[in-house]
Amino acid sequence: MPKAILGTKLGMTQVFSPEGKIIPVTVVEAGPCKVVQIKTEADDGYNAIQLGYGALKANQTNKPLAGHCEKAGLEPLKYLREIRMKDIASYQPGDSVSVEIFAAGETVDVSGISKGKGFAGTIKRWNQRRGPMGHGSKNHRRPASAGAKGPARVFKGKHSPGQLGGESVTVQNLEIVKIDSERNLMLIKGALPGPKRSMVLIKESRKMG
């Protein structure tokens, strides 16, 4: 049964391994989350649980969201995410999911929204090289040829200037270095997508084979 939890990215720091090596880690305040809804194959076509995370004040929500959470006996929650799983019998609406479902040494996949950097050119967005920097050159940082001359069109997937960041990113197979159940903290090796105080979804890595 896959394990998953929502959390808040707090920032990066470093810890020492028993051998004295420095390990860069990202600190995540993971949960506690609430089970808002159970979806079954009979009613919805698939099995899943809907997790809610982050409290909202009464004036920060709307009636549909408030009513949806009220069915499970919960206060309005800021984030709702579905986790598909085959075995949902052990979950009931209103149940709490804490960081204790994970343990140090396990690997997880972390999803989040990357930092938005606005409109960017091809050098910053796609790591392309600049053109000649001589006085006569008119192509210092501009995109080069847009495509082949024969078809007289631009092929799909052409690297062009545009929005950089602000998109869903998943980093896979990251190791959990430490779990602090008293403070709902999880230390994950490496960097995670998104700015500080952003929401991340942490799921158990898929077992291959």
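Visitor: In which loop is Asn 127 found?

Guide: Asn 127 sits in the loop between H3 and strand E9 (162–164). Helices (H or I, at least four residues) and strands (E, at least two) are DSSP runs, numbered from the N terminus. The model is predicted: local features need pLDDT of at least 70 and side-chain atom pairs pLDDT 80 or more, while totals for chains, interfaces and linings use all residues. Residues are numbered from 1 along each chain as its sequence is written, and side-chain values use heavy atoms, without hydrogens and water.

Visitor: Is Asn 127 buried or exposed?

Guide: Buried means under 20% relative accessible area, exposed over 50%, and partly exposed in between (1.4 Å probe, protein chains only). Asn 127 has 70% relative accessibility and counts as exposed. Its phi is near 60 degrees, a positive value in a residue other than glycine.

Visitor: What is the phi of Asn 184?

Guide: Asn 184 has a positive phi of about 55 degrees, and this residue is not a glycine either. Asn 184 lies in the loop between strand E10 (168–180) and strand E11 (185–189).

Visitor: How many salt bridges are there?

Guide: Side chains of opposite charge can pair when their charged atoms come close. The rule asks for a side-chain nitrogen of Lys or Arg within 4 Å of a carboxyl oxygen of Asp or Glu. By this rule there are three salt bridges. One of them joins Lys 3 and Glu 106, at 2.9 Å from N to O. This pair links distant parts of the chain, 103 residues apart: Lys 3 is in the segment before E1, and Glu 106 is in the loop between strand E6 (96–97) and strand E7 (107–113). Lys 3 is buried at 19%, whereas Glu 106 is partly exposed at 24%.

Visitor: Which side chain does Lys 39 meet in a salt bridge?

Guide: Lys 39 meets Glu 82, with 2.7 Å from N to O. Lys 39 belongs to strand E3 (residues 33–39) and Glu 82 to strand E5 (residues 77–84), so the pair ties together parts that are 43 residues apart in sequence. The relative accessible area is 16% for Lys 39, which is buried, and 34% for Glu 82, which is partly exposed.

Visitor: With which residue does Arg 183 form a salt bridge?

Guide: The partner of Arg 183 is Asp 180, and their closest N and O atoms are 2.8 Å apart. Arg 183 is exposed, with 58% relative accessible area, but Asp 180 is buried at 16%.

Visitor: Which residues gather in a patch of positive charge on the surface?

Guide: A patch is made of residues with over 30% relative accessible area and no salt bridge, like charges being joined within 9 Å. Here Lys 115, Lys 117, Lys 124 and Lys 196 gather in such a patch of positive charge. Lys 124 is placed in helix H3 (residues 122–126) and is exposed, at 54% relative accessible area.

Visitor: What is the radius of gyration of the chain?

Guide: The radius is taken over C-alpha atoms, and the globule rule is 2.2 Å times the number of residues to the power 0.38. The chain has 22 Å, whereas a compact globule of 209 residues would have a value near 17 Å. The C-alpha trace spans about 70 × 50 × 45 Å along its principal axes. The chain has three helices and twelve strands, and 34% of its 209 residues count as buried.

Note on methods:
Patches are made of residues with over 30% relative accessible area and no salt bridge: like charges are joined within 9 Å, nonpolar side chains (Val, Leu, Ile, Met, Phe, Trp, Tyr) within 5 Å. Accessible areas come from the Shrake-Rupley method with a 1.4 Å probe; for residues, only the protein chains shown count as cover. Lys and Arg count as positive and Asp and Glu as negative; His and the chain ends are not counted. The place of a charge is taken as NZ of Lys, CZ of Arg, CG of Asp or CD of Glu.
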